[in-house]
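Dear colleague,

I am handing over the structure that we spoke about, with my notes on what was found in it below. Please look through the model first and then read on.

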Amino acid sequence: MVHTLSHTEPLQCSADGIWEACKHADEILPALMPDHFTKSVFLQGHGEPGSIRVVKMGPAIGHAGEVKERMDKFDDATKTLGYTVLEGDPRYSCFSAEVKLVPVGETSCELVWTATYEPVGDMGPPEHIKEIVVLAFKTLERAVLSRKTLSHTEVLDASPDAIWEACKHADELLPKAMPEFFASSTFLQGNGEPGSIRVIKMGPAVPHAGEVKERLDFFDDAGKTLGYTVLEGDPRYHYFSAVMKFVPGAAAGTTDAIWTATYVPVGDMGPPEHIKGIAILVFKALAVAAKAN
């Protein structure tokens, strides 16, 4: 017989903030909850519905070495995700769950978790799984509340329209203009539209990172604004995303290029001044390309 178990947990940060953290849970949770989650590896997909991942459990979850899960739903509009356990938990012949984040004002929300399960023998409700889910989302809450930002504005000697046009070709332009920083850029999913995922192979001037996997969050022609999030490849930050915006400068024909990073550092890691420095060089390379065309 199939049963259900539900739980609602208040969280002291916005639904938007927690939802964004959910997109990085496969990196954040092993870093902040190593006793519960050791590693998460996608066998298929990158987190979209239909993706399959294997979660390696830590010593605090003694009954399960690995759990294979399928992502059934990941809906940005309703901030709802759903998954089904395919292998790894012998206590239930079937187990699936849905998580929904419900806004409560601007700075808080509620986590609504509902599990559907069929126990083996006289196994009771999955209260232990509920407790782990609550702990995981409290950990994501802590990560959201510890986020920091760093901003910089660079004046470029080219118009916003010309700079923006160069941005559309940055994946080809930057490895040629800055090979010491960018060796190559390859799309794993999409072709540069929002939701696209790319792998950037870094050059010798960036010794800490061999490859960085990024997701393009938005690419707004009207506002000349783009945003991306690092999914893998920079162990110095639990979370890192950045927005680049290009607006007319004070002088005719110039652009104010505005870079704003949001990040959660690992340990006592400082602000990403090194990444800001690379962003400034990128802006200058875009300006050179814009002036040449």
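In which sense do β9 and β10 pair, and over how many bridges? The two strands pair in the antiparallel sense, over six bridges, where two strands count as paired if DSSP finds at least two bridges between them, and where strands (E, at least two residues) and helices (H or I, at least four residues) are DSSP runs numbered from the N terminus. Within this pair, Ser-184 stands opposite Lys-201 in β10.

Before going further, please keep in mind that this is a predicted model, in which local features need pLDDT of at least 70 and side-chain atom pairs count only at pLDDT 80 or more, while totals for chains, interfaces and linings use all residues. Residues are numbered from 1 along each chain as its sequence is written, and side-chain values use heavy atoms, with hydrogens and water left out.

The seven-stranded sheet

β9 and β10 belong to an open sheet of seven strands, in the order β8-β14-β13-β12-β11-β10-β9, with antiparallel pairing. β8 (148–156) and β9 stand at the edges with a single partner strand each, so one side of each is left without a neighbour in the sheet. On average, and ignoring direction, neighbouring strands of this sheet are turned by 25° against each other, the axes being lines fitted to C-alpha atoms (for helices over the stretch in contact) and the angles running from 0 to 180 degrees between N-to-C directions. Helix α6 packs on the sheet and touches β8, β9, β13 and β14 (255–265), its direction making about 25° with that of β8; contact here means heavy atoms within 4.5 Å.

On the 1 Å grid over the protein atoms alone, a cavity is a set of points where a 1.4 Å probe fits but cannot get out, a pocket is an open set with protein on both sides within 12 Å along at least five of seven lines, and lining residues have an atom within 4 Å of a point. The lining of the largest cavity includes Gly-17, Ile-28, Arg-147 and Tyr-239, and its largest share, three residues, comes from α1.

Ile-28 is also one of the buried residues of helix α2 (residues 25–32), together with Ala-25, Asp-26, Leu-29 and Pro-30; buried means under 20% relative accessible area, exposed over 50%, and partly exposed in between (1.4 Å probe, protein chains only). These buried residues pack against α1 (15–22), β2 (37–44), β3, α3 (127–145) and β13.

Strand β7 and its partners

β7 runs antiparallel to β1 (residues 3–11), to which nine bridges join it, and Leu-5 stands opposite Ala-115 in β7. With β6 (residues 92–103), β7 pairs in the antiparallel sense over 11 bridges. β6 and β7 form a hairpin with five residues between them, and Gly-105 in the turn has a positive phi of about 75°.

Most residues other than glycine have a negative phi. Lys-79, however, has a positive phi near 50°; this residue lies in the loop between β4 and β5 (80–87) and counts as buried because its relative accessibility is 15%. Lys-224, in the loop between β11 and β12, has a positive phi of about 45° and is buried, with a relative accessible area of 17%.

Pro-59, in the loop between β3 (52–57) and β4 (66–75), counts as exposed at 69% relative accessibility. Leaving aside neighbours within four places in sequence, Pro-59 is in contact with Pro-34 and Asp-35.

With best wishes
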